[in-house]
Amino acid sequence: GWLRVAVRDLRGDLRRFTILLACLALGVGTITLVGSVGAALQSALMRDARTLLGGDLEATLSYRAANPDERALFAALGRVGEVVEVQGRAKAGNGSSFLAIRAVDANYPLVGTLAVDGADQPLPALLAERSGRYGLVADQLLFDRLGLKLGDEVTIGTARFVLTGILGRAPDQVTASLQFGLSVLMSTDAVNATGILQPGVLATWRYKLLLADPDFEAARARILDAFPDAGWKVLAPRDATADVGRFFDIFARFLTIVGLSSLLVGGLGVSNAISAYVTERQRSIATMKALGATGPRVLAHFLVQVMLLTAVGIVLGLLLGSGLSMVILPILGGLLGLALPPVVDATTLWTAA
């Protein structure tokens with residue numbers, strides 16, 4: 001009976017608690033959203049680490065390409081793909097644009113699928129040389145910025161290029177080096193023809209391997225033992241995604257703190273709302289006392305009402321955070337090149353609640 005009385009007494013006063021419900025819903029919703037997105041990102045990194053790296057192993061140098069002996073060892077370990085990352089500038093007519101160049105060989109990508117719009121040929125054919133001009137697959141922004149279309153010509157360094165495709169999502173773009181400029185793909189022969197790779201230029205040579213023997217530690221030991229002074233950095237898929245995972249984790253923790261802060265600040269509004277409500281109900285309290293209610297009975301009456309309101313606020317927050325997660329995850333996955341299905345993590349819901 002006391003529960004029914006508390007609920008009936010509360011029904012006419014729900015509008016007084018708009019601030020209380022809003023503070024709880026926003027705080028819980030923020031924590032739900034951040035936790036769900038963070039859990040989905042970490043799960044995707046663990047699931048797709050090999051695709052994100054672009055192979056079973058990656059050996060990297062930042063000042064030169066691999067020499068013949070190093071290339072021979074890589075070939076003995078498995079199938080090899082070379083990627084060169086450097087920055088340059090494209091010129092077309094009176095316009096120019098800064099580029100983040102990725103030069104790849106015919107084996108790229110070893111793992112995963114590269115999306116290229118506006119073309120129906122394989123990547124090696126799109127990047128091949130024809131009549132002294134190399135193929136170039138470029139970001140849509142380059143077309144827009146320079147007013148170009150497929151088939152138009154641009155100059156990069158001392159080489160001429162024809163735009164053969166629009167660059168979509170690359171499987172290993174998350175683990176690529178941080179570069180400033182519009183992304184383009186060209187062949188390794190083409191980047192050598194540009195004259196960009198001069199001594200002192202900041203460039204990175206990545207050699208991605210599909211190992212014949214899946215023992216990564218043995219392959220890394222062979223490379224490092226064979227060339228101890230070369231400075232090779234050898235990464236497994238879990239190593240390549242570790243930095244990205246740490247960044248996502250730090251970002252998720254920051255947003256969680258924002259959610260907790262909103263709950264803390266909102267707690268002041270909740271306190272004021274409850275205090276004002278109890279103060280206004282002094283006549284009702286006096287009536288309950290006159291009818292024989294004890295102090296603990298009056299306390300239980302209002303505590304039940306506050307707990308019911310809190311439960312409503314938590315449920316609203318969980319629904320808000322879950323709904324936003326379902327919308328944001330596919331969008332975020334498209335931006336990062338990760339498969340992020342619209343799901344909600346059950347552990348996150350419990351933690352937020």
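Author: Buried means under 20% relative accessible area, exposed means over 50%, and partly exposed lies in between (1.4 Å probe, protein chains only). This is a predicted model, in which local features need pLDDT of at least 70 and side-chain atom pairs count only at pLDDT 80 or more, while totals for chains, interfaces and linings use all residues. Residues are numbered from 1 along each chain as its sequence is written, and side-chain values use heavy atoms, with hydrogens and water left out.

Reader: Why is Thr256 called partly exposed?

Author: Thr256 has a relative accessibility of 25%, and therefore counts as partly exposed. Thr256 is found in helix H10, residues 242-280, where helices (H or I, at least four residues) and strands (E, at least two) are DSSP runs numbered from the N terminus. Apart from neighbours within four places in sequence, Thr256 is in contact with Ile31 and Val34, contact being heavy atoms within 4.5 Å.

Reader: What makes Thr348 count as buried?

Author: The relative accessibility of Thr348 is 9%, so Thr348 counts as buried. Thr348 lies in helix H13, residues 346-352. With neighbours within four places in sequence set aside, its contacts are Ile31, Thr32, Gly35, Ser36 and Ala39.

Reader: Why is the pair Glu85 and Arg206 called a salt bridge?

Author: A salt bridge requires a side-chain nitrogen of Lys or Arg within 4 Å of a carboxyl oxygen of Asp or Glu. The side chains of Glu85 and Arg206 meet at 3.2 Å, N to O. Glu85 lies in strand E2 (residues 78-92) and Arg206 in strand E10 (residues 203-211), so the pair ties together parts 121 residues apart in sequence. Both residues are buried. Glu85 and Arg206 also belong to a network of salt bridges with Glu58, Arg102 and Lys208.

Reader: What makes H4 roughly antiparallel to H8?

Author: Helix H4 (residues 68-77) and helix H8 (residues 216-226) pack at an angle of about 165 degrees, with their axes 11 Å apart. That angle makes H4 roughly antiparallel to H8, since angles under 35 degrees count as roughly parallel, over 145 as roughly antiparallel, 65 to 115 as roughly perpendicular and the rest as oblique. Axes are lines fitted to C-alpha atoms, for helices over the stretch in contact, and angles run from 0 to 180 degrees between N-to-C directions. Leu73, Phe74 and Leu77 of H4 make the contact with Ala219, Arg222, Ile223 and Ala226 of H8.
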